[in-house]
Each structure stands twice: as C-alpha cells, then as structure tokens.
Amino acid sequence: MKIFVKRENWSDGIWMQLPATKEEAEQVRRSLERQHPSMMQPFVGAVDSRFPELEERLVGELVFQEKNLDRLNQLAERLESLNGEEEMLFRAAFRMESPYTTEQIQETLGHLDCYQLHPEIRNFEELGRYLTQAETSQLPEQLEAYIDYAGIGRNCQGGYGYLTEGGYVEKRKSSMNHGEAEAEKGQKTEEPEKKQGIFAVTLIREFFTDRYVRFTLPLPEQELAEKKRQAGLTEEIPERVEISAAINGILEHLPPCSTLEELNHAAKVIEELEACSGIDWKLTLAALEAELPGTMEECCHVIRAHKAYEFLPFPFLEPESYAHYHLEQAGLSIPEGLSSCFDHRRYGQEKIAEDGVTETFYGVVINREKPICLDHGEGQEMKLYSPLTLTTFAGYPFFPALLHGEKVPAYQAAIRKEIARSMREYGTGGLAETLWNQLLARKISTIVPDVEEHHGRLWGVARVSTAGKLTDRELAGLKEEWKEIAAHGWGVLFASRILEAGHIRFYAGFWDTERGENLCLLTEEELGKEVGGFEIRM
C-alpha cells in the first residue's frame, strides 16, 4: 500500500510506501519541506492499493499529526496480511459497514470473523434460494416457477450479506446485537423444528422440468423413501444437493459425505433431545470436534452424552495450567519449599493424556465419565492428482487456447514459483486451513498444492498430511473438499494470476470446470494405473 503525500496549493507530492519506519517517514517529511516549504500539514492525496475503495476514505487524512502515521502503518500491515478469503470478507464488510476513518476501517478488519463466505453462491438466483430455504421448503413444487429468486437475492444485498465475485459473504448470526440474538433465541424455543425441521434438503436435477424436490428432516423412513423416489433417486446422488441446518455449525461437525438416511437419523436424535431437556450446542460441537467420530452413529452417541462433557476454565490447553487445575481439583498441594522444584509441565502433560483433555475451537473440553480418545492411528502422507488446465489468450484475445507439448518443464517451473508465492498467505497448515468439515479439518494437518509431470503431461497435486488414518468416507470427503478449494477457493484466485514461460503468458487451473479436459481426481495408485506406469519428473 502506498500513499501520495502532498500539501495544499501544490499539484505534486511524494509517494510513500506503507508500513514506513520512523526514519523513512522523516525522510519523506524532509524531502517534502525541501520541495515545497509550507506551514500546511501534509495529507494523503491519493492511495495506491489493491482496495481502490480505500482512497475515498483516506484522502485528506493528515499523515504526520499525532499518531496518524502509526494508524496508517497498522492498517497497511493488516491489509497486507489478508488471505484470499479474508480479502473477500473485507470487501463485503467494507460495503456493508461503510467505515470512514482509519480507526473505523481497522475496527472492520478486526471483526472479519463476524462474517462467513459461501463460495457456492455465485449469483442472485442462488442467493435468493439460499435466503428463502425455510420458506421454500414448504412451497408446493408446482409453484416453483413463479418465484423470482434472482429478484429476492438482488433486493437483499447489504444489511446482513453481500454478493462478491468469490461468493456470498454473510454476517454470522452470532455477531448480531444482543436484542437480535435474544429474538433469534426466542424464536428457536417456540418450536422451530416443527416448522422447518433440523435439516432442510433440496434435491436439484439439472435435466428435469420439475427440478426441485424439497423437504425437511426428520421424516419417517417411508416418507424419506418417497421423497427420493420423487427425485428419481435410488442409490444414485442427484446432480446437486443443498442441505442447511437450523442449528448453526452442526453440519460441519458431522461425518463428511453423510447420506440422507444418516442425516435423518441424527435429526431424530436431536429433535428428541431438544424436546426433553435441550442441548448446549457450543459444548456439544466442542465434544464432536474433540472425539472426531467416524460414523453418524458415533456422532449421535456424543450428542446423546453431551452432558458428560465440560469446559475447563482456561481458553488454551497448556500443561502448566492444567497441572495447577488438576492439583486443585484433587485437593493436593505442593509444600512451599518444593514448589519451585515441582515439574508442573511434565505432571500436566501426563494428566492431560490420562484424562483425555482436548483443546477445540470452542474451548478446552473434558469428558467426566471417560477420557476422550486422542489416538486416531498413525498419520499418513498422500497425494491427490487432477489434470492441470493451461490456458493462453496470446493472439486470440476472445478465444482461449489450451497449452500442451514440449514446453511442459518451463510451465512447471513457472507454476511452482507462483504456487510458492500464493502459499505465503496461509499458515503452516496451508490449504488445510480452508476445509469446511471440522471433523475432517482436525485430521488433516496440511494441504499444499504442487505440480508434477507424468509422461509429458502436467498434473495438479494436493500434497496431504494427516494426523490420523482416514476412513474411506473421510478420503471421499477430502476429495470433494479439494475439488471445491481448487475450483472456487484458492484455485480460482490462483487461476486468475498471469504466469509466464518464455514468451508465453498463460493461466493455470487446478480444477477448471469451464475449459478443463477430462477432469478427474486420482490417488497415487489410481494415477499409476491411469498413465500406465508411475514416473515422477521433478
């Protein structure tokens, strides 16, 4: 981010890169005084940033007065640290909140976690369908064609959400003010399940006149079977399934690739428990994240037993903290003369392992009836391969051409260099940080993209490290999530970057559904069979 520092009655000025050190800022101030001495305070005359909307807000801000430069530096640092998803969240939050000062912009940046990105919602029609799921789940199918979903989506821009080029950004319900949250809570206690169920399901068939079959779960088994029959389903999956939950966060904490029958079973368990005594969902979601159940039956067992779990009174799990807590709970004390020699860290580590204490997104949780099992088997290293799509517009500005052939090694080097640059935006887990399913996210340590050549063809690669052995269902869920990341998350941002090999400028897509040829996602074993022998050229 750069700002153009100038004074009144002077058409020129000096560009200053932010964040700037005190020495750099002082050098700009002195250069400004030499070129245009004046009593007027220097101010921001223009802004050069990847967020052009900032210029209107920052122009006119005094640069060197009081702590203004510190605020501008902090703003520049925070903007520079945004990854691709956070950038879209900020753009949407900026439009919804309309911050005008540097301090207000920083406040907006400080609570981006109040917003959620839905990359699957890319146009007004999809937005309208998403916003009216509760109502349309009860809509007679013959009236479907008379609903203007695009108009609904267009009219709902702003307020609690905004449609961006990367998807729909929605303000989380938990970020509403207290009155709104209480009203929402009140509505849920007035039998929301009876009105819209635990899960709302839409089955979409692309090649039928009557495309949408909607219903809510739970349902009697016979009714669920009838709904599937109406959708033309036996064991096959429809072209598209949309599922939403009345309980925020529950879908992300159920096994990936859950069937409708499994979701129906979970919905019955939840409805029964809610009717009896209610469920502490923050604690229950923490318990699911800690236990990492591999099946829906195991998930339901955790939900039923949620009262056996308890949050511990510290935000992060540290051996020393747990040692002091455990000693206090056990009524034990260390004599003052031995306190400095007592190994609190080792004691805490041993008791954490014995008690199965686990740190989750929601807090540190323990099961008072039996220790949480933290052993999910040995970790794995694996790769997922997909055909890489290389596109150039050289000479044909309106007709993209696919690249193949003898320049593969040069393309590979250019792609790897840009991948390394793009991964600076992510932490040590790489793209594993963007996984949606939280049970899967706990078992995936890292996902790092790469590119490899096999028999003269380039393949996009996801290098995956796990913290435990994946089940077949978890592997299938990982494949589906990687397709989504490669097509709409990191992948769409990467595919927009211009790469260059020799004199050819091109784009690389890891899952390009528009121009890709024979898209597939293969394990190493499957790739070996596909290419007729496994040969890696690094």
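Predicted model: local features only at pLDDT ≥ 70, side-chain atom pairs only at ≥ 80, totals over all residues.
Biologist: Let's start with one side chain: is Glu 289 buried or exposed?

Modeller: Buried means under 20% relative accessible area, exposed over 50%, and partly exposed in between (1.4 Å probe, protein chains only). Glu 289 comes out at 5%, so we call it buried. Residues are numbered from 1 along each chain as its sequence is written, and side-chain values use heavy atoms, with hydrogens and water left out.

Biologist: Okay, and which residue does Glu 289 meet in a salt bridge?

Modeller: First the criterion: a side-chain nitrogen of Lys or Arg within 4 Å of a carboxyl oxygen of Asp or Glu makes a salt bridge. Here Glu 289 meets Arg 442, at 3.6 Å from N to O. The pair ties together parts that are 153 residues apart in sequence, because Glu 289 sits in helix 13 (residues 281-291) and Arg 442 in helix 19 (residues 438-443). As for those labels, helices (H or I, at least four residues) and strands (E, at least two) are DSSP runs, numbered from the N terminus. Arg 442 is partly exposed, at 31% relative accessibility.

Biologist: How many salt bridges does the structure hold?

Modeller: It holds 29. One of them joins Arg 71 and Glu 103, with the closest N and O atoms 3.1 Å apart. That pair links helix 3 (residues 68-80) to helix 5 (residues 102-110), 32 residues apart. Both ends are partly exposed: Arg 71 has a relative accessible area of 24% and Glu 103 has 34%.

Biologist: And which residues are linked in a network of salt bridges?

Modeller: Lys 383, Arg 416, Asp 450, Glu 452 and Arg 463.

Biologist: How many bridges join strand 2 to strand 1?

Modeller: Strands pair if DSSP finds at least two bridges between them. Strand 1 (residues 2-6) and strand 2 have four, and they run antiparallel. If you want a spot to check, Lys 2 has Gln 17 as its bridge partner in strand 2.
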